[in-house]
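Dear colleague,

Please read them with the coordinates open beside you.

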Amino acid sequence: MQNNKTQQKSGACRTVYVTELTDGILDPARPMLGPVADGGTIIANTAPGCWGPMITPAIRGGHEVTRPVAVEGAEIGDAIAIRIRSIVVTSNATASGSDSVVAGRNNGDPFCAAVCAECGTEWPATHIEGIGQSAIRCDKCGADATPFKIENGYTIVFDDARSIGVTIGKARAEEMAPDAAKIMALPDTSVQNPVMTFAPADLVGVATRLRPFLGQLGTTPSKAMPDSHNAGDFGSFLLNAPHKYALTPEELLRNKTDGHLDVNTVRQGAVLICPVKVPGGGVYLGDMHALQGDGEIAGHTSDVAGVVTLEVSVIKGLAIDGPLLFPVADDVPYLARPLNAVEKQRAEALAKANGLAEIEQDAPITVIGSGATLNEATDNGLKRAADLFGVTVPEIMNRATMAGAIEIGRHPGIARVTFRMPLKKLEEKGLAGFARSQYDLK
């Protein structure tokens, strides 16, 4: 729903409140919420991603993201800057782990083409009977219908401050399982089967820190596709697939927006800039993670519900193919961080002693690349960066090596290409203001 109280003369709202979720499909033909004003705010209650939707075969995308919101004035060929003002975890606990696919329960892809093995129903409606990994039952025939099982997993509880988590034992996990939806704070509009129903407890007594971020944040692709597949790696599963969401390689490249990032620096304080490939852009979000090491190597992490506040603004004429990121200062790789006053003074003196009148005035930026493999994702990020700034790929390679980094977003195919770029180049693209405000540059 949207807030009409703050509606402007243009018909756009200064604030749009989002409580509606999709069925896992991002479809540009479906109506969007909003529009939200250029410079306005989106506040959303998000549902956990990954495991809950994965064990709910009626959800067709592997996640349960928010209904997209149109942004006033956003046209194809523009970009939308999304400032993440706040991320608040509302779940008290969750469960996760590495997965195994149950044979016979999908039509080529267990994330988006689930089938009941007993009665043959596609995307079957299900209900919960008891707890454990056989608790998800087909409404039509009563058979065990989950497309996935947890191979090695854990149940993790959080402190009140949402700063620390501890994995618990089997008895406590099973005690909590019947109240999973309440404990996980599933939004009222969520239809997912809560993963805590499975009560996994292979890892016990592991303590870790929380640092929440959004695994899904972006703009609507220009062709209908499962939300978890809106990226170059998971999107490759759609190529010539046997189900209705199949795409050709050309369709995938042309239409995806790489909104399924799983980049752990897409967190509170960061600025993500996304391509506009449909009128209004269609900003959506979800798949909040309480924590994640680089790469999400287990395939899944601690998915939680939460409340997110975003500020959106349109950058006219910035025709990008995938996301750009200005991380918070602490997340910028060491070599890519702007020089401090002492370092800059030393660099200027060194330059002068060697015949240079000045040093480059630059700032860090991260370009996201995606592909079927990490190598392809890295190549994609390098090319996107070179195309954006009108330089060669070898130049970006050098900049990322000597004043940046290549980091894994998600295994198998999301890469972060971070480097320092001259401020004059950022100015030309309308990006310098973000760098100056993020990194307190003059």
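A residue counts here as part of a pocket's lining if it has an atom within 4 Å of a point of that pocket, and helices are DSSP runs of at least four residues, numbered from the N terminus. Please keep in mind throughout that this is a predicted model.

With that in place, the largest share of the lining of the largest pocket, three residues, comes from α5, while α5 and α7 (393-402) each supply at least two residues of that lining. The space in this pocket comes to about 710 Å³, and among its 22 lining residues Arg337, Pro338, Leu339, Asp362 and Arg420 lie nearest the centre. Sorted by class, the lining holds 11 nonpolar, two polar and nine charged residues.

Helix α5 itself covers residues 341-353, and its 13 residues reach 18 Å from the first C-alpha to the last, close to the 18 Å expected at 1.5 Å a residue. Its N-terminal end is capped by Asn340, which places a side-chain oxygen 3.1 Å from the backbone nitrogen of Val342; after the helix comes Gly355, with a positive phi near 85°.

The second largest pocket has a volume of about 390 Å³ and is lined by 21 residues, of which Tyr154, Leu291, Gln292, Gly293 and Thr301 lie nearest its centre. Strands β9 (148-158) and β11 (207-209) each contribute at least two residues to this lining, which divides into eight nonpolar, nine polar and four charged residues.

With best wishes

How values were computed: Residues numbered from 1 in each chain as written. Predicted model: local features only at pLDDT ≥ 70, side-chain atom pairs only at ≥ 80, totals over all residues. Heavy atoms only, no water. Expected span 1.5 Å × (residues − 1). Polar contact = N/O pair within 3.5 Å; in protein donor to acceptor, adjacent residues only side chain to side chain. 1 Å grid on protein atoms, 1.4 Å probe; cavity = no way out; pocket = protein on both sides within 12 Å on 5 of 7 lines; lining within 4 Å. Points joined across faces, edges and corners; volume = space filled by probe spheres on them. Nonpolar A, V, L, I, M, F, W, Y, C, P; charged D, E, K, R; others polar.
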